[in-house]
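Have a look at the structure first.

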Amino acid sequence: MSENDFIKFWKKNAHRNLWQHPLWAEFQRALGRKTWMLKTEHSSALVVRHPLPFGLSWLELPRGPLFERGKIADKLMEDIVTVAKSEKAIFIRMSPLEELKIKNYKLKIAHHDHHPETTLILDLSLSEEELLA
């Protein structure tokens with residue numbers, strides 16, 4: 001899957017966010033983390049690998065996966081599990097912005113968010129007075 005296909009799907013998605021954009025993948029790679037941009041017909045996910053001791057890891061889908069409303073993301077989940085097995089991941093942390101419909105997987109709800117619930121984009125070219133107005 002090309003980065004262009006990933007970005008096209010990202011642009012069309014109502015829940016697109018910085019944490020599921022290829023620029024975030026580039027930033028994560030600059031920190032030395034492995035990333036995958038997975039895409040199926042109706043869903044996509046940026047997956048970030050976090051290392052743990054003893055050659056183990058955990059995978060994160062920050063504010064993802066992204067998917068078309070009402071579509072089931074089973075194929076994408078299969079791809080994520082394949083990556084998890086190959087990377088010896090002991091868990092996968094997902095934080096989609098809407099309910100994730102997956103069959104055949106038992107998911108647990110985390111007790112707290114790992115990422116901010118909302119974001120705000122500010123135009124820093126404005127004066128302090130304009131920003132605070």
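Are Trp19 and Trp24 buried or exposed? Both Trp19 and Trp24 are buried, where buried means under 20% relative accessible area, exposed over 50% and partly exposed in between (1.4 Å probe, protein chains only). Keep in mind that this is a predicted model, where local features need pLDDT of at least 70, side-chain atom pairs count only at pLDDT 80 or more, and totals for chains, interfaces and linings use all residues. Residues are numbered from 1 along each chain as its sequence is written, and side-chain values use heavy atoms, with hydrogens and water left out.

**Helix H1**

- H1 spans residues 3-12, and its buried residues are Phe6, Ile7, Phe9 and Trp10. Helices (H or I, at least four residues) and strands (E, at least two) are DSSP runs, numbered from the N terminus.
- Those four sit on the same side of H1, because they cover an arc of only 165 degrees around the axis; the arc is that of the directions from the helix axis to the C-beta atoms.
- Over on the other side of H1, you'll find Asn4, Lys8, Lys11 and Lys12 exposed.
- The buried residues of H1 pack against helix H2 (22-30) and strands E1 (35-39), E2 (43-51) and E4 (66-67), with contact meaning heavy atoms within 4.5 Å.

**Aromatic rings**

- There are three aromatic pairs in the structure. Rings of Phe, Tyr and Trp (its six-membered ring) pair if their centres lie within 6.5 Å; planes under 30 degrees apart count as stacked, over 60 as edge-to-face and the rest as tilted.
- Trp19 and Trp24 make an edge-to-face pair, because their ring centres are 6.4 Å apart with the planes at 70 degrees.
- Trp58 and Phe91 are stacked, because their ring centres are 5.2 Å apart and their planes are at 15 degrees. This pair links distant parts of the chain, with Trp58 in strand E3 (residues 57-61) and Phe91 in strand E5 (residues 89-94), 33 residues apart.
- Trp58 counts as buried at 13% relative accessibility, whereas Phe91 is partly exposed at 40%.
- Ring pairs also tie Trp19, Trp24 and Phe27 into a cluster.
- Arg16 lies over the face of Trp10, 5.8 Å from the ring centre (the criterion: NZ of Lys or CZ of Arg within 6 Å of the ring centre and within 35 degrees of the ring normal).

- Most residues other than glycine have a negative phi, and most peptide bonds are trans.
- Phe54, in the loop between E2 and E3, has a positive phi of about 65 degrees and is exposed at 81%.
- Arg63, in the loop between E3 and E4, has a positive phi of about 50 degrees but is buried at 5%.
- The Gly64 to Pro65 peptide bond is cis, with omega near 10 degrees.
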